[in-house]
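Work through the following exercises with the sequence and the model side by side, trying each task before reading its solution.

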Amino acid sequence: MKAFDKKKKTEYTNTDYKDTRSIMKRILEYIRPYTLSVLCSLLLAGVTVALTLMIPILIGRGVDCIVGKGQVDFRELQRIAIQILVLVAVSAACQWEMNHINNTITYHIVNDMRRKTFSHLQRLPLSYIDGQQAGDLLSRIITDVEAFSDGLLMGFTQLFTGVLTIAGTIVFMITISPWITLVVIILTPFSFSIAKFISGKSYNMFQKQSAARGTLTGLTNEMMTGMKVVQAFGYGHEAQRQFDSINDELAEYSLQATFLSSLTNPSTRFYNSLIYAGVTIAGCFAALAGPAVLSIGQLTSFLSYTNQYAKPFNEITGIITEFQNSLASAGRVFELLEQMEESPDPEEESVASSMGETDPVTVCDENPMIHSSEEYSDRHRLRGAVSLSHVNFSYDPSVHLIEDLNLDVNPGQRIAIVGPTGCGKTTLINLLMRFYDVDQGSITVDGRDIRSMSRTSLRSGYGMVLQETWLKSGTIRDNIAYGNPDASMEEIIEAAKKAHAHSFIKRLPDGYDTVLGEDSGSLSQGQKQLICIARIMLTHPPMLILDEATSSIDTMTEIRIQKAFSEMMEGRTSFVVAHRLSTIKEADCILVMKDGHIIEQGNHEELLKKKGFYENLYRSQFVPS
């Protein structure tokens, strides 16, 4: 639906998602609905840590049971061994359940985020979507959400137990030797400082990595969808050069990010090892003073706690690479979610009911593309009177496009729109469908401003066939019934016959059950167009928009399609955009547009008599020079 290769008006977010605090704040919003599960996970983490931390105490007691040769309390050692086995078994069970809950929380959060992102994407204005690479949007919804999932799962798994382990070991160490514990606590902040310094440097690289990955996905998607054009123009070498450039950039950012973040773990491990060595020396001197100060068993327990105290720091810093990549990816997703949606629709039951009809139209809110069968039986009641009053619109405020456009269309009229490329024909269609809202002026249907209608209700009143065909992955039957999923097979076949698509469909291996791929490569452009026309003929809308609808069809088929269109347009308000003037001779009114203005209007014969711009267009196509 892009009418011009110009910069589109885009709403941008005001939130800076390069700040980790902003990202964490949004993540907590997604976690909040699962607070009960998080509390259960915390409780299990507490039990797991408590049981695990009791084991060094028992090991220390066991060491003290071995006084010397021939002085071993085997009965006490047996009792301690049984206690240790019970603690290990219960701790393992709690940890398994905790991991299960963490997995459940993570995948529910990611599922919510992915669903919300896709839903939000459908409500974004075309001005934003037109200005973005499709591949980059795809990367945010799939790749970035997946990267966020991996980091979030690691965060839940390591963070809960890590924090509780640190707190628990401090408590147990204080009960053994407060003074040595104080030394450990005083030296710990230096380990944090090292990790924070390195992570700050690497986070910036992860942001650049995510952005470069999105750009690379966009380029790849662009080349794949246009591969025939790429090969036809011999653009492969230039495409490869662009790909290599972005790929090298991505590799550089990835290597720098990984290298910087990988410094964290060995740095903190080295520092924590120094702390461990210092505690060992201090503990040995204390043990030499005798059991009254520190027994050998207590020294064993204390060293075990010191190791467990340092372990969470090492684990947390060890996953910092994945976690920072996760935060950078989450930031890109949140940036998309922060983009301003289309202006909200007014609350209404339907267009038909708002026009004073007796039976309301039911609109399916879950999917704006699919409507109920009741809607199909009601929406034809629209009269189709369309009026444009003093309409101004431009994609870029600095470039004027449509200015002071006025038009009155009576119900059932056939309006043809012609003019040179870039004059505003497709833009006018975009405004009628409310893909874009007017900057000034108003557009009304049956006397009501379309901005007071819901977009779903308004668009359900139009049948639209575009020059650019779009078929979804699925069977031909599904594609024809896309706008009316309740249609019977007989109705689908009848619509295909009217669109002159039935004959070639029957020649396909599986007929109407033939499965089409993403780009429907097995069909010609003309065949795809016929299926799109059949789709509209099945819905019987009160108003029609045909934007170069027969541009990809051969001349003989076009004549038959034009006859079918004439029958379908009977009694329906129709807007026909065409470059080939032969297709619009029978229009009730022809609008000749130039530079966003209607410079001539009238039927075919009237415009020829004026000997103006239309007459020149007509002669350029049909009168030999």
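Two exercises follow, each with a worked solution.

This is a predicted model, in which local features need pLDDT of at least 70 and side-chain atom pairs count only at pLDDT 80 or more, while totals for chains, interfaces and linings use all residues. Residues are numbered from 1 along each chain as its sequence is written, and side-chain values use heavy atoms, with hydrogens and water left out.

**Exercise 1.** Describe how strand β6 pairs with β3 and with β7.

Solution. Begin with the terms: strands are DSSP runs of E with at least two residues, numbered from the N terminus, and two strands pair if DSSP finds at least two bridges between them. Next, take β3 (residues 386-393) and β6 (residues 440-445), which run antiparallel and are joined by five bridges; here S387 stands opposite T444. Then turn to β7 (residues 448-449), which pairs with β6 in the antiparallel sense over two bridges, with V445 opposite R448. Finally, look at the hairpin of β6 and β7, where two residues lie between the strands and D446 takes a positive phi near 55°.

**Exercise 2.** Find how many disulfides the structure holds, and decide whether C94 is buried or exposed.

Solution. First, search the whole structure for disulfides, meaning pairs of cysteine sulfur atoms within 2.5 Å; the search finds zero. Second, apply the burial classes, which use a 1.4 Å probe and protein chains only: buried is under 20% relative accessible area, exposed is over 50%, and partly exposed is in between. C94 counts as buried because its relative accessibility is 13%, whereas C40, at 36%, is partly exposed.

How values were computed
Helices (H or I, at least four residues) and strands (E, at least two) are DSSP runs, numbered from the N terminus.
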